[in-house]
Amino acid sequence: MSRTGPNRSPAVVRCINGTASLASLTFRTSTSRPWTSSSFACRVPRGSRTAIVGLSGAGKSTLLALIERFYDLGVGRIEIAGVDITDLPRTVLRAHLGYVEQHAPALSGSVRENLILGAPHASDEHFRAVLDTVNLLGRIDTEAEGLDAQIGENGIRLSGGERQRLAIVRALLAQPALLQLDEPTSSLDSRNEEILQTALDPPPSSRP
């Protein structure tokens, strides 16, 4: 995955368990709007990371929303581990998915409170280890309170790139079977983009 310019920022899908596949998608956002059809087909094998690249408005975010079942397909099929996602209750499906939006929210409170959402029983050592993988630990350690540092309303005390990485850490801590990231490097400089690419590599135990 490389930087692709302001209008071609990729969406990224990382698959840990099973295989995700999508084909011949048709949908609409409401009954008052026309159907949108696509011959798009994609297969994300177990233990892999796939970047989906396209111009702004090409449908990258919509594709991730379809996997999450924010919308349901009119025609077509999306499978995860061989199971059609429409055969699963949304709560069951989403328990196996991680999703980080382009402008990922940070919650008012401490760094720790933000991370606990992803892993309620994780230790401070685990939090720190995952923060380190995205080059965020050094920033947290500049705060006297460390993990208990307050980040302000909507994470105002963090930069856009720091908020983005914090949201990605929260998703990584949850260890979802399928992790979806909408333009995860849009707020990052080239050094932190490279570090994040490494952090997003599926663990060796999940690779075929």
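The questions and answers below concern the packing, cavities and pockets of a predicted model.

This is a predicted model in which local features need pLDDT of at least 70 and side-chain atom pairs count only at pLDDT 80 or more, while totals for chains, interfaces and linings use all residues. Residues are numbered from 1 along each chain as its sequence is written, and side-chain values use heavy atoms, with hydrogens and water left out.

Q: Why is cysteine 15 called buried?
A: Buried means under 20% relative accessible area, with exposed over 50% and partly exposed in between (1.4 Å probe, protein chains only). Cysteine 15 has a relative accessible area of 0%, so this residue is buried.

Q: What makes cysteine 42 count as buried?
A: The relative accessibility of cysteine 42 is 14%, and therefore this residue counts as buried. Across the chain, buried residues make up 45% of the 208 residues.

Q: How many disulfides does a search of the whole structure find?
A: A disulfide is a pair of cysteine sulfur atoms within 2.5 Å. The search of the whole structure finds zero.

Q: Which residues have the most contacts inside the largest nonpolar core?
A: A nonpolar core is a set of buried Ala, Val, Leu, Ile, Met, Phe, Trp, Tyr and Cys residues joined through side-chain atoms within 4.5 Å. The largest has 31 residues, and Leu115, Leu131 and Leu166 have the most contacts inside it. Two or more residues come from each of helix 3 (111-116), helix 4 (124-133), helix 5 (137-140), helix 6 (160-174), strand 8 (178-182) and helix 7 (190-199). Helix 6 gives the most to this core, with seven residues. Another core lies apart from it, with 19 residues, among them Cys15, Leu25, Ile67 and Ile85.

Q: What counts as a helix or a strand, and how many are in the chain?
A: Both are DSSP runs numbered from the N terminus: helices are H or I with at least four residues, and strands are E with at least two. The chain has seven helices and eight strands.

Q: Which residues does leucine 166 touch?
A: Contact means heavy atoms within 4.5 Å. Not counting residues up to four places away in sequence, leucine 166 touches Val111, Asn114, Leu115, Leu131, Leu136, Ile151 and Leu158.

Q: What makes a space a cavity, and how many are there of 30 Å³ or more?
A: On a 1 Å grid over the protein atoms alone, a cavity is a set of points where a 1.4 Å probe fits but cannot get out, and lining residues have an atom within 4 Å of a point. Points are joined across faces, edges and corners, and a volume is the space filled by probe spheres set on them. The count comes to three cavities of 30 Å³ or more.

Q: How is the lining of the second largest cavity divided by class?
A: Ala, Val, Leu, Ile, Met, Phe, Trp, Tyr, Cys and Pro count as nonpolar, Asp, Glu, Lys and Arg as charged, and the others, Gly among them, as polar. Val13, Ala20, Leu22, Cys42, Val44, Ile52, Ile67 and Leu178 line this cavity, which gives eight nonpolar, no polar and no charged residues. The lining of the largest cavity has five nonpolar, one polar and three charged residues.

Q: What makes a space a pocket, and which residues lie nearest the centre of the largest?
A: A pocket is an open set with protein on both sides within 12 Å along at least five of seven lines. Of its 13 lining residues, Arg14, Leu172, Gln175, Ala199 and Pro203 lie nearest its centre.
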